Amino acid sequence: MGARNKKKLKRLNLLEISNHERIQLIKEVREKLRQKTVEAKLWQSLLEAESVTINGDVVYKSNQPLHGLKL
């Protein structure tokens, strides 16, 4: 979740685009926000876990550093 350069963001006037384009844009934005929410919840649950096991291998325990998993 890095900082964005606001000058490069494309600005649209929703009143000037067609209804079909507006609906499509709103659906895309809603889906992106939903995905970000799901990802944030997943990361939060991983942070709260005492241990994380992948395919039977413990890659994280609360008292040991993370190993076997790269971001």
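R34 counts as partly exposed, because its relative accessibility is 46%; partly exposed lies between buried (under 20% relative accessible area) and exposed (over 50%), with a 1.4 Å probe and protein chains only. The model is predicted: local features need pLDDT of at least 70, side-chain atom pairs count only at pLDDT 80 or more, and totals for chains, interfaces and linings use all residues. Residues are numbered from 1 along each chain as its sequence is written, and side-chain values use heavy atoms, with hydrogens and water left out.

**Overall layout**

- The chain has one helix and two strands; helices (H or I, at least four residues) and strands (E, at least two) are DSSP runs, numbered from the N terminus.
- Along the sequence these elements follow the pattern α-β-β.
- Of the 71 residues in the chain, 4% are buried.
- The chain has an accessible surface of about 7200 Å², and carbon and sulfur atoms account for 55% of that surface; such areas come from the Shrake-Rupley method with a 1.4 Å probe, and for residues only the protein chains shown count as cover.

**Confidence**

- The mean pLDDT of the chain is 81, and 80% of its residues reach 70 or more; pLDDT is the predictor's confidence in each residue, from 0 to 100.
- Confidence is highest in helix α1 (residues 19–48), at a mean of 91, and lowest in strand β2 (residues 57–61), at 76.
- Where pLDDT is low, the predicted coordinates should not be read in detail.

- The side chains of R34 and E31 form a salt bridge at 2.6 Å, N to O; the term covers a side-chain nitrogen of Lys or Arg within 4 Å of a carboxyl oxygen of Asp or Glu.
- By this rule the count is one salt bridge.
- R34 and E31 are about one helical turn apart, because three residues separate their positions in helix α1.
- E31 has 33% relative accessibility, so E31 counts as partly exposed.
- Side chains of opposite charge can pair when their charged atoms come close.

**Helix α1: surface patch and E48**

- L42 is placed in helix α1.
- Together with W43 and L46, L42 forms a nonpolar surface patch with about 270 Å² of accessible area; patches are made of residues with over 30% relative accessible area and no salt bridge, with like charges joined within 9 Å and nonpolar side chains (Val, Leu, Ile, Met, Phe, Trp, Tyr) within 5 Å.
- E48 is also part of helix α1, and E48 counts as exposed because its relative accessibility is 58%.
- The side chains of E48 and Q44 are joined by a polar contact of 3.0 Å; such a contact is a pair of N or O atoms within 3.5 Å, where within protein one must be able to donate a hydrogen and the other to accept it, and residues adjacent in sequence count only if both atoms are side-chain atoms.
- E48 and S62 are 14 residues apart along the chain, with 9.1 Å between their C-alpha atoms.

**The strand pair and the segment after it**

- Strand β1 (residues 51–54) pairs with β2 in the antiparallel sense over four bridges; two strands pair if DSSP finds at least two bridges between them.
- I54 has D57 as its bridge partner in β2, and S51 has K61.
- The hairpin of β1 and β2 has two residues between the strands, and N55 in this hairpin takes a positive phi near 50 degrees.
- N63 is in the segment after β2 and counts as exposed, because its relative accessibility is 65%.
- From C-alpha to C-alpha, N63 and S51 are 9.1 Å apart in space, and 12 residues apart in sequence.
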